[in-house]
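Dear colleague,

I am handing over the structure that we talked about, and it is placed just below this paragraph. Please have it open while you read the notes that come after it.

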Amino acid sequence: MPTPIITDGTMERVVAAPRVVLPDPSALFAERASRFAQLAQGHPMAEYLQLMAAVVHAQHAVIWRRTALPVPAAALDQSRDYGMPPLSALSHPRDAQWRSDLADLVDALAADPRAAAACARLRGLDAGALEAQADRVLAGQTLDADAAQVPFIGAALQVYFTRAAAALDVNTVKNFDVPTVCPVCATRPVASIVRVGGDRNNLRYLACALCNTEWNVARIKCSACEDDRGVHYLSLTGVDSVQTDDAAAINTAGAEAARKAEACDECRSYLKIFYQEKDAYVDVQADDLASLSLDLLVDERGFGRSGPNLLIHPGSG
């Protein structure tokens, strides 16, 4: 079990802090949409962030239109007894319900000129083509030809898997012991976040890119290879204000910022980490997309990103 860092001198928090936190759809997407809209103000990627605000707002509406389908009893037993993710994204028998979620998202966004072409394309694809694109999104193998559709496919899959995750009993998944992937759906995290307040104060949680489950992991430890020897933090000297051709703009001393890249010299991977203490409204998905300049600079240092953001096509370069 990951060991949280205790800062108040008591051992009670080891017991009290939840290891796994399932998503709460009642506020998740609505708050994320607000964060996207906030981050879009004056941002170089304003148009894309505004579009994502609309997409996530539509997710909030669509998730309530259907009920989560029951997870097979065998999958729940394996999860409880052997620590297997009950909704493993690559092996779970995905129901056609996700395509209904996608159709609703497309209907909600088709009139938006920023989304119209992608929505028209999605409406023209048959079930087989949609399933193939979904398989590529979940496997991290999207094609450049899929680029415009990826955020919408990803958004629909997030709705489907978040709905399913929220309906689980957390005791079903608390025995999962592979901290590098989600205990619910076995997807890599989009980022990690250090929470404030309550029983999660000052603890780091990885956030699933797909089903929005969070799980506790020790700080200052690589979220990809679990090594702690070569972990260090890279950040921008200003909030998204540096030139991407200025390598010196990376602050390797670990500047006090809400967004950093946790890089590992052992496996040469990185994943962003966000600090709620520095920005109470930080959101792993929205802030990740709003800080792509940090990705570019860390990439230039030779580190590869270890987790996806399903609301953007990563490119094939």
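What follows is an account of what was found, going from the whole chain to single residues.

Please bear in mind that this is a predicted model, in which local features need pLDDT of at least 70 and side-chain atom pairs count only at pLDDT 80 or more, whereas totals for chains, interfaces and linings use all residues. Residues are numbered from 1 along each chain as its sequence is written, and side-chain values use heavy atoms, with hydrogens and water left out.

The chain as a whole

The protein chain contains ten helices and nine strands, where helices (H or I, at least four residues) and strands (E, at least two) are DSSP runs numbered from the N terminus. Of its 317 residues, 53% are buried; buried here means under 20% relative accessible area, exposed means over 50%, and partly exposed lies in between, with a 1.4 Å probe and protein chains only. The accessible surface of the protein chain is about 13,800 Å², and 52% of that surface belongs to carbon and sulfur atoms; these areas come from the Shrake-Rupley method with a 1.4 Å probe, and for residues only the protein chains shown count as cover. Among contacts between residues at least 6 apart in sequence, 69% join residues at least 24 apart, a contact being heavy atoms within 4.5 Å.

Strand β7 and its neighbours

Strand β7 (residues 259-264) has six of its six residues buried, so it is largely enclosed by the rest of the structure. Arg 259, Ala 261 and Ala 263 point one way from β7, while Lys 260, Glu 262 and Cys 264 point the other way. Strand β5 (residues 231-236) runs antiparallel to β7 and is joined to it by four bridges, and Tyr 233 stands opposite Glu 262 in β7. Strand β8 (residues 269-275) also pairs with β7 in the antiparallel sense, over six bridges, with Ala 263 opposite Tyr 270 in β8; two strands are said to pair if DSSP finds at least two bridges between them. The hairpin of β7 and β8 has four residues between the strands, and in this hairpin Arg 268 takes a positive phi near 60 degrees.

Cysteines

How many disulfides does the structure hold? It holds zero, a disulfide being a pair of cysteine sulfur atoms within 2.5 Å. Cys 225 is in no disulfide, and the nearest cysteine sulfur, that of Cys 264, is 3.7 Å away. Cys 225 is partly exposed, with a relative accessible area of 33%, whereas Cys 264 counts as buried at 0% relative accessibility.

Salt bridges

A salt bridge is a side-chain nitrogen of Lys or Arg within 4 Å of a carboxyl oxygen of Asp or Glu, and by this rule the count comes to 26. In one of them, Arg 66 meets Asp 104, with the closest N and O atoms 2.8 Å apart. This pair links distant parts of the chain, since Arg 66 lies in the loop between α3 (46-62) and α4 (73-82) and Asp 104 in helix α5 (residues 97-109), 38 residues apart. Arg 66 is partly exposed at 24% relative accessibility, and Asp 104 is buried at 16%. Both belong to a network of salt bridges that links Arg 65, Arg 66, Asp 101, Asp 104 and Arg 163.

Glu 131 takes part in a salt bridge with Arg 94 (2.6 Å, N to O). That pair links helix α7 (residues 127-139), which holds Glu 131, to the loop between α4 and α5, which holds Arg 94, the two being 37 residues apart. Glu 131 also meets Arg 99 in a salt bridge (2.5 Å, N to O), and here the partner lies in helix α5, 32 residues apart from Glu 131. Glu 131 counts as buried at 18% relative accessibility, while Arg 99 counts as partly exposed at 24%.

A search of the whole structure finds one aromatic pair. The rings of Tyr 160 and Phe 161 have their centres 5.1 Å apart and their planes at 85 degrees, so the pair is edge-to-face. Rings of Phe, Tyr and Trp (its six-membered ring) pair if their centres lie within 6.5 Å, and planes under 30 degrees apart count as stacked, over 60 as edge-to-face and the rest as tilted. Tyr 160 and Phe 161 are both buried.

In helix α10 (residues 292-300), the buried residues include Ser 293, Leu 294, Asp 295, Leu 297 and Val 298. Just after α10, Gly 302 takes a positive phi of about 95 degrees.

With best regards
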